[in-house]
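Try each task yourself before you read the solution below it.

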Amino acid sequence: MAFTLYSLLQAALLVVNAVAVLHEERFLRHVGWGSDQGIGGFGEEPGIKAQLTNLIRSVRTVMRGKVTICCSNNIVCKVLFP
């Protein structure tokens, strides 16, 4: 398999899909990354853990439907054009 732009886009799609399907109560809270874990004080810069938790929550909110469509499209293209 050659390293092409399509394979790079497909890998990025799989990573976004993996982030989009993470469930907060089932997985993230067990490793200490729940929504109540990274609360800082007023005026403090959020730490890297809080920023990553916020990024995961944002990707789940915004990309869930779009990733489903893109993954379905990718599967259809793989089946029709092997």
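Here come the ground rules, and then the exercises.

This is a predicted model, where local features need pLDDT of at least 70 and side-chain atom pairs count only at pLDDT 80 or more, while totals for chains, interfaces and linings use all residues. Residues are numbered from 1 along each chain as its sequence is written, and side-chain values use heavy atoms, with hydrogens and water left out.

**Exercise 1. Find out where the confidence is lowest and where it is highest in the chain.**

Step 1: Start with the score itself: pLDDT is the predictor's confidence in each residue, from 0 to 100. The chain has a mean pLDDT of 80, and 87% of its residues reach 70 or more.

Step 2: Now go element by element. Helix 2 (residues 24-28) has the lowest confidence, with a mean of 74, and helix 1 (residues 5-20) has the highest, at 86.

**Exercise 2. Count the helices and strands in the chain, and give their order.**

Step 1: Helices (H or I, at least four residues) and strands (E, at least two) are DSSP runs, numbered from the N terminus. The chain has 3 helices and 0 strands.

Step 2: Reading from the N terminus, you get α-α-α.

**Exercise 3. Work out how helix 1 and helix 3 are placed relative to each other.**

Step 1: Look at the axes, which are lines fitted to C-alpha atoms, for helices over the stretch in contact, with angles from 0 to 180 degrees between N-to-C directions. The axes of helix 1 and helix 3 (residues 48-80) come within 8 Å and cross at roughly 135°.

Step 2: That angle makes helix 1 oblique to helix 3. The cut-offs are under 35 degrees for roughly parallel, over 145 for roughly antiparallel, 65 to 115 for roughly perpendicular, and oblique for the rest.

Step 3: Who makes the contact (heavy atoms within 4.5 Å)? Helix 1 brings residues including Tyr 6, Gln 10 and Leu 13, and helix 3 brings, among them, Met 63, Val 67 and Asn 74.

Step 4: Sort the contact residues of this pair: 11 are nonpolar, 3 polar and 3 charged. Here Ala, Val, Leu, Ile, Met, Phe, Trp, Tyr, Cys and Pro count as nonpolar, Asp, Glu, Lys and Arg as charged, and the others, Gly among them, as polar.

**Exercise 4. Decide whether Asn 74 is buried or exposed.**

Step 1: Buried means under 20% relative accessible area, exposed over 50%, and partly exposed in between (1.4 Å probe, protein chains only). Asn 74 has 13% relative accessibility, so Asn 74 counts as buried.

Step 2: Check its surroundings. Asn 74 sits in helix 3 and touches Tyr 6, Gln 10 and Leu 13, leaving aside residues up to four places away in sequence.

Step 3: Compare with Ala 18 of helix 1: at 42% relative accessible area, Ala 18 is partly exposed.

Notes
Contact = heavy atoms within 4.5 Å.
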